[in-house]
Amino acid sequence: MIVIDAASPVPPFEQLRAQLARQIQDRTLAVGARLPTIRHLAADLGLAVNTVGRAYRELEEAGLIETRGRAGSFVSAAGEEGRERARRAAADYAAVIASVGIDAGEAIRIVQAALTSGAAAPASS
């Protein structure tokens with residue numbers, strides 16, 4: 001949850017940037033998570049669009065988020081190869097699930113079963 005303190009001497013864009021950065025770094029926001037649109041977040045927080053845009057630009061310059069054109073802004077892997085591989089695998093899995101018509105709840109149960117059964121353990125050499 002993002003809270004902007006209007007009485008704070010810290011500018012609103014910096015409060016927003018810092019809170020999003022903290023959520024990304026402590027993994028509250030997972031790699032690949034889609035951020036709200038700038039306009040939507042500005043409306044939710046009662047901020048100007050430019051204020052949210054500046055926070056997003058600074059997060060992008062820091063490598064914490066990436067903008068994919070009209071698709072929006074997403075939490076970046078920020079150089080973490082393992083997390084980026086997991087994000088890509090999750091996107092591939094989501095595409096398979098959609099193509100075979102399995103609902104999201106069952107898809108998540110399938111992943112949980114794989115994770116707890118040991119099927120996800122890397123093969124030993």
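**Core**

I looked up the largest nonpolar core first. It has 17 residues, and Leu16, Leu20, Val52 and Tyr56 touch the most other members. Helices H1 (12-25), H2 (38-45) and H3 (49-61) each supply at least two residues of this core. I took a nonpolar core as a set of buried Ala, Val, Leu, Ile, Met, Phe, Trp, Tyr and Cys residues joined through side-chain atoms within 4.5 Å. Buried means under 20% relative accessible area, exposed over 50%, and partly exposed in between, with a 1.4 Å probe and protein chains only. Helices (H or I, at least four residues) and strands (E, at least two) are DSSP runs, numbered from the N terminus.

The model is predicted: local features need pLDDT of at least 70, side-chain atom pairs count only at pLDDT 80 or more, and totals for chains, interfaces and linings use all residues. Residues are numbered from 1 along each chain as its sequence is written, and side-chain values use heavy atoms, without hydrogens and water.

**Contacts of single residues**

I counted a contact as heavy atoms within 4.5 Å, and left out residues up to four places away in sequence. Val52 touches Leu16, Ile38, Leu41, Ala42 and Leu47.

Next I checked Leu59, in helix H3. Leu59 counts as buried because its relative accessibility is 1%. Its contacts are Arg17, Leu20, Ala21, Leu64 and Ile65.

Ser76 sits in the loop between strand S2 (73-75) and H4. At 15% relative accessible area, Ser76 is buried too. Ser76 touches Val31, Gly63, Leu64, Ile65 and Glu66.

**Salt bridges**

I searched the whole structure and found three salt bridges. The criterion is a side-chain nitrogen of Lys or Arg within 4 Å of a carboxyl oxygen of Asp or Glu.

- Glu14 pairs with Arg17 at 2.6 Å, N to O. Both lie in helix H1, three residues apart, about one turn. Glu14 is partly exposed at 23%, and Arg17 is partly exposed at 22%.
- Glu58 pairs with Arg54, closest N and O atoms 3.3 Å apart. They are separated by about one helical turn because they are four residues apart in helix H3.
- Arg68 pairs with Glu66, closest N and O atoms 3.1 Å apart. Arg68 is partly exposed at 31%, and Glu66 is partly exposed at 28%.
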